[in-house]
Amino acid sequence: MKISLVILCCCCSLLLTAQTPEDSTIHLQDTVVVRLEKQLKSATSDSVRVRKLNALGLRLLNKDLYKANYYMEQALQIVNSSNQPVDELLQKMTYSNTGRVKQKQGDQVNALAYYLKALEIAEKKNDSLGMASLCGNISLVYRYEDNFEKSIEYTKRSIGIKKQLVNSPGIAGSYNNLGAAYRGKGALDSALYYFEKAKIEYTSVGKELGVIRTKANIATIYELQEKYEESLKIFSDNLHYYKESRNNIGISNTHGHLSRVYGRRGNYQKAIQHADSCIMMALRLGRKIVVADVYKYQSDFYREIGDFEEAYKALDLHHSYNDSLVNVENIKRIQELELRYQFRKEKLSDSLQLVKQREMAETSTQLLAAKNRLKSQWLIFGGLGALGLLGFVFFRSRQKLKMMGLKNQLLNTEIEYKKKDLANLAINISQSQNWAGSLLEQLEKARAVTGRERSKELQNLEVEIKNKMRIDGEAEDIQLKIDTLSSAFYEKLNDNFPDLTTNEVRLCSLIRMDMGTKDIAILQNIDPLSVKKGRSRLRKKLNLLPNDDIHMFLKTI
């Protein structure tokens, strides 16, 4: 009887210890998910439903990407087609969280599309915290696509906003992202510098998970510097931490890191074992992009030990998963949309040009007719003698005035055309940005994701979208025309206020033209917040009182 009890206890103990961290995590999270699902069913408004769906998506983000994506798709459907108006900040949250899910799935194109839509709302609402977070997420997308310069640009913008908010944990994450971007560029010293800054920030605020992730980044620098022992020590410690905390994403990623380092070190058996562990967990998590990458260097490991059959199988699986991440039909649809947009734009431009030519022709005809009338009247009054001469001189003076009036009218017409040109250029800029936003919105329906080897194809598309959104050249053209039209105003302004800088003088000209803050920001390719600060400094230099209207004041100069 005693022996039976001992055997039974041992079996129970083995069953308990056999429970995987994943099973444990699912069990621990079930109560939260079940509660949220019940609240979702009893929700009486679309806004409440969207909030609960977002909560479910975030809850499952690091555990079950399939379900997380399912809930975020429902939230998107309500936001985009709700009969009840949904708050814009709630829309921003939905777009942002959907972007996070798509990014986890490796769908970088759709992730960027949703992040940009969320960023547009954050900027409109002047949501600094939201802008900082979204800029950080966008930088990650660009870093994955190997566009490190763009990644650094968005990361530095995020850091600048967070410093104003005194958001230390957020700044630590941005330092991590900045270090990773510099690592991608091959600037290992700069990368290590920012990783160390991130670790200090995380440690100071007690963010243990942040410290662990930063150590992993430092380990990748050691790996690139061929300091394999130091790298393996950090990754092994991290794997123990993730298993203790039941963080499946962390476990999967760390197995991948260990596989790669052991492979670099020449220990291919251990490299293959860790690769298998990474692939098995990544498949359960729905992370196809990770699976595709790990199969690629697992194929290299098998080849190194002479097992060419397994090497071929791994490489074939790599291509299989990689191919599933690309949807050629989406590229064709995008190209078709671009051709339609170009056709509409050229047709509209031709129509406007024709109308302008007709108006100019009518004005020139009027001027020619006035000149002919003047010649006829001059011949008639020329033969009237001395008395007629006085009348002729008087009449000619009047005709000259009339002639000057017509010339002024022609000049004013030309000025109006120039102003229309400026407006058209501004519209073209806005349309270019709207086109890019519309184009990215079309990508929401694209369910494919990209792989590293196929990313070049989508990268060409991304370059086209970026080129459409670059407005520097057009902005310079607009500014040159504004400078030409405002030369007299510039002289008066500099006479009265000699301490103004060139940028401040130009800002005065744009305000005098009654351009809004957003339009000025688009023209000068800066943040609307910078325009507001510039207006504030300008008021001080112009010695204006708080109640004085700066636009009306500049109109009087």
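I began with burial: 42% of the 557 residues in the chain are buried, that is, under 20% relative accessible area, with exposed meaning over 50% and partly exposed in between (1.4 Å probe, protein chains only). The model is predicted, so I noted its limits: local features need pLDDT of at least 70, side-chain atom pairs count only at pLDDT 80 or more, and totals for chains, interfaces and linings use all residues. Residues are numbered from 1 along each chain as its sequence is written, and side-chain values use heavy atoms, leaving out hydrogens and water.

**Whole chain.** I then checked contacts, meaning heavy atoms within 4.5 Å. Of those between residues at least 6 apart in sequence, 62% join residues at least 24 apart.

**α5 and α6.** I looked up helix α5 (residues 88-105) against helix α6 (residues 108-124): their axes come within 8 Å and cross at roughly 155°. Axes are lines fitted to C-alpha atoms over the stretch in contact, with angles from 0 to 180 degrees between N-to-C directions. That makes α5 roughly antiparallel to α6, a label for angles over 145 degrees. From α5, the contact includes E88, Y95 and R100; from α6, Y114, I121 and K124 are among the residues. By class I get seven nonpolar, seven polar and six charged residues. Nonpolar covers Ala, Val, Leu, Ile, Met, Phe, Trp, Tyr, Cys and Pro; charged covers Asp, Glu, Lys and Arg; the others, Gly among them, are polar.

**K92.** Is K92 buried or exposed? K92 sits in helix α5 and counts as buried, at 14% relative accessibility. Leaving out residues up to four places away in sequence, I find K92 touching A118, I121, A122, D127, G130 and L134.

**α11.** Helix α11 (residues 208-224) has 17 residues and reaches 25 Å from first C-alpha to last, close to the 24 Å expected at 1.5 Å a residue. The expected span is 1.5 Å times one less than the number of residues. In α11, 12 of the 17 residues are buried, so the helix is largely enclosed by the rest of the structure. Among them are V211, N217, Y222 and E223. Just after α11, E226 takes a positive phi of about 65°.

**α22.** In helix α22 (residues 502-512), I list E504, V505, L507, C508, S509, L510 and I511 as buried.

Conventions:
Helices (H or I, at least four residues) and strands (E, at least two) are DSSP runs, numbered from the N terminus. Angles under 35 degrees count as roughly parallel, over 145 as roughly antiparallel, 65 to 115 as roughly perpendicular and the rest as oblique.
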